[in-house]
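Hi there,

Here is the structure I promised to pass on to you. Have a look at it first, and then read on for what turned up.

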Amino acid sequence: MTRIAFIGLGNMGGGMAANQAKAQHDVRAFDLSAAALDKAAAAGCHPAGSVAEAVADAEVVITMLPAGPHVRGVYGEQVLAHAPKSALLIDCSTIDVDSARAVAGQAKAAGFRFADAPVSGGVMAAEAGTLAFMVGCDAGDFAAVEAALAPMARVTIHAGDHGAGQAAKICNNMLLGVSMLGTCEAFALAEKLGLAADRFFEIASKSSGQCWSVSTYCPVPGVGPATPADRNYEDGFATAMMLKDLKLAQEAAARAGASTPMGAQAEALYALFDANGFGGKDFSAVLQMLRGRLAE
Ligand code: NAD
């Protein structure tokens, strides 16, 4: 049994902390939201009154917070001051590469081992314990990080040094945003050309147009395996979250001097969809905008 401090018990962190408790670890959980804390307690975690209390004698600290400023604040002001130096620190939030490297630098200077370990897979994978983790850390720390993440993971991959996990995450999600938009355009064009969506699905998923957005996460309701499209695009990977990741990719590209015109176009289209009030809908719902049917 490992003493794990788990900070951030939202849509993702709630299920992840529950899986650590299910694996018989002693989980000290903290969130600013009382409702999230109650849910974690019902799932077998021990609620703490503050970050300081949660991390006080932790062997592993896991954070799942919204964005870079939250992670900088929680580590800079609280975790590094109150956790034992022997604790392994793992941030699973999706944040900018610079924040990840800055927090890793501070943690290392203070004598801690730190890893950025963002995830692929949504709320359902968080609950099922089948997330894919991409990890940036010292090579010598990877085995310990992998073991700590195991109750929440389908696969854990070492991406490289500090920040490499976040780099992998934003590159992956930029590719996903571009491929989903291409998939939606193709289905919208097929419709205009009188080609039935289920026929195009069968052909594209067995032809060179095949990709995850077509065959696993088809944006057309009633076509292919069950997806958020089949539940009115609810409870999936929110457009606002995809937009956040596309912005992170564009900021990173600008700083690195990389040319990402397709990523820029994807950011612009998702920003437009979000501005039309669809930020809470699954990102595959952008199909409706491309079909010119936003009101449906
Ligand atoms: P969420 O908003 O549901 O949860 C974040 C939680 O952090 C909230 O409960 C909030 O109260 C808590 N929090 C904020 N500041 C805090 C602080 N200072 N101390 C303690 N708790 C604090 O978000 P989420 O959907 O769980 O996403 C978390 C992270 O995972 C994000 O970085 C997101 O980009 C990433 N992610 C999300 C998904 C998804 O499908 N939702 C998939 C992959 C990655």
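A definition to start with: a crossing of two helices is called left-handed if the near helix is turned anticlockwise from the far one by less than a right angle, and right-handed if it is turned clockwise. Please keep in mind that this is a predicted model.

With that in hand, the crossing of α8 and α12 is left-handed. Helix α8 covers residues 164-192 and helix α12 covers residues 261-278; they pack with their axes 9 Å apart, at an angle of about 70 degrees. Angles of 65 to 115 degrees count as roughly perpendicular, and α8 and α12 are therefore roughly perpendicular to each other.

Which residues make this contact? From α8 come Met174, Gly177, Val178 and Leu181, and they meet Met262, Gly263, Ala266, Leu269 and Tyr270 in α12. Sorted by class, that contact holds seven nonpolar and two polar residues, and no charged ones.

An unreviewed UniProt entry lists residues 163-290 as "domain: 3-hydroxyisobutyrate dehydrogenase-like NAD-binding". Over that stretch the chain is 64% helix and 0% strand, and 35 Å separates the end C-alpha atoms.

Now to the ligand. The shell around the ligand is made of 25 residues, and the closest are Gly10, Asn11, Met12, Thr94 and Gly122. Two or more residues of this shell come from each of α1 (11-22) and α4 (68-82). By class, the shell has 14 nonpolar residues, ten polar ones and one charged.

Best wishes

Conventions
Residues numbered from 1 in each chain as written. Predicted model: local features only at pLDDT ≥ 70, side-chain atom pairs only at ≥ 80, totals over all residues. UniProt positions renumbered as here; feature names shortened; annotations may be inferred. Helix = DSSP H or I, 4+ residues; strand = E, 2+ residues; numbered from the N terminus. Axes fitted to C-alpha atoms, helices over the stretch in contact; angles between N-to-C directions. Parallel < 35°, antiparallel > 145°, perpendicular 65-115°, else oblique. Contact = placed C-beta atoms within 7 Å. Nonpolar A, V, L, I, M, F, W, Y, C, P; charged D, E, K, R; others polar. Near = placed C-beta within 6 Å.
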